[in-house]
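User: Could you take a close look at one part of this model for me? I'd like to know what surrounds it, and then how it sits in the rest of the chain.

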Amino acid sequence: MDVTQELFSRYSRPVSEEQLCLNESIAAEPIIGVHSHDFMELTYIRKGNAVHVINGTRISISEGDLFLLSYGCEHTFEEYSHDFTWTNCLFLPRIFGDEYEESPFLNDLYRISYFKKAFDFHANEIQHIHLFHTDESFGAALQDMMREYYNAYPGYYTICRNMLANLLIKIGRTYMQVSHCALKSSQSELVGIVYDYFRLTSSFHKVRLEDIAQRVYMNPDYLGKLFKKKVGINISTFIRNIRLETAARYLRETNMNVCAIMRFVGYQDTKNFYKTFTEVYSLTPSRYRKKYRENPGKFESNKINVT
């Protein structure tokens, strides 16, 4: 796969020594293919949804999400909606001091004296941070920066630099808080993390362990082991149970045909869906619906573990 190199000079103002620039996309603009860059990138999703492909990992993103990328990240957007738009700030870390040495890890950005005196960033070497469904303050701060940058009144550059620093501190602090809370999560909280992802996604077939793990800043394998230890079943089994319980509920409560329900809950293979459903409920989906409708008041269904 060809990877293009995006240069800061392409986006910054001509004949300028500025070390940051701000941009807004419009829905009609084509998406740049897989690329890396010689700058850091802070992007806020204003509207729509897409799949962010970053260093080969696919992450579902939507309105209100925010990400911060270090040098060398290879990324692009795929499967984006027609209204997918964003605001971003591209910057060179030396805007905060010449002590910074180019690095593929965000940790080295937060080690600059400018940030280190504000808070200690404790994390393994990471190349990017995603914050999902952030509060409105992040988007509002970027919009304020955008106005300051393009109005270019006296002192705008210093104001923009300080606003960017505040945002980076908030992002680092939020990352630390979320990742710490995930590690300390109880059984019910881990179950809630999975349920919340199903609630927030628009399609069950897009639910993947990798996406859930990204939202709590964990390695997928580690999240799987932690879930098994604290909840008592494999996370893949738990996700399967949510799909099947949802299918059973739709069979009971709607007139959707079985194939439509199967696709809605994330199964693409009819044979596999029928086999799995029958193993759990001891009835085929069609027989399950028929039996329920014959006597809904006395119908008893096998319970599966989705506590």
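Analyst: Skipping its neighbours within four places in sequence, Thr 43 is in contact with Asp 65, Leu 66, Phe 67, Trp 86, Thr 87 and Asn 88. Keep in mind that this is a predicted model. Thr 43 belongs to strand E4, which covers residues 40–47. Its relative accessible area is 1%, so Thr 43 counts as buried, the cut-off being under 20%. The side chain of Thr 43 also has a polar partner: a polar contact of 2.8 Å links it to the side chain of Glu 41.

Now on to strand E5. This strand takes in residues 49–54, and Val 53 is one of them. Val 53 has 15% relative accessibility, and because the limit for buried is under 20%, Val 53 is buried too. With neighbours within four places in sequence set aside, the contacts of Val 53 are Arg 58, Glu 74, His 75, Thr 76 and Glu 78. Take Glu 78 from that list: it is 25 residues away from Val 53 along the chain, yet the two C-alpha atoms are 7.1 Å apart.

The protein chain has 307 residues, and 47% of them are buried. As for secondary structure, there are 12 helices and 10 strands.

A pair of packed helices is described by the angle between the axes and the distance between them. Helix H9 spans residues 235–253 and helix H11 spans residues 270–281; their axes come within 11 Å and cross at roughly 85°. That angle falls in the 65 to 115 degree range, so H9 is roughly perpendicular to H11. On the H9 side, the contact is made by Arg 240, Leu 244, Glu 245, Ala 247, Ala 248 and Leu 251, while H11 brings Phe 273, Thr 276, Phe 277, Val 280 and Tyr 281. Sorted by class, the contact between H9 and H11 has 8 nonpolar residues, 1 polar and 2 charged.

Methods: Residues are numbered from 1 along each chain as its sequence is written. This is a predicted model: local features need pLDDT of at least 70, side-chain atom pairs count only at pLDDT 80 or more; totals for chains, interfaces and linings use all residues. Side-chain values use heavy atoms; hydrogens and water are left out. Helices (H or I, at least four residues) and strands (E, at least two) are DSSP runs, numbered from the N terminus. Buried means under 20% relative accessible area, exposed over 50%, partly exposed in between (1.4 Å probe, protein chains only). Contact means heavy atoms within 4.5 Å. A polar contact is a pair of N or O atoms within 3.5 Å; within protein, one must be able to donate a hydrogen and the other to accept it, and residues adjacent in sequence count only if both atoms are side-chain atoms. Axes are lines fitted to C-alpha atoms, for helices over the stretch in contact, and angles run from 0 to 180 degrees between N-to-C directions. Angles under 35 degrees count as roughly parallel, over 145 as roughly antiparallel, 65 to 115 as roughly perpendicular and the rest as oblique. Ala, Val, Leu, Ile, Met, Phe, Trp, Tyr, Cys and Pro count as nonpolar, Asp, Glu, Lys and Arg as charged, and the others, Gly among them, as polar.
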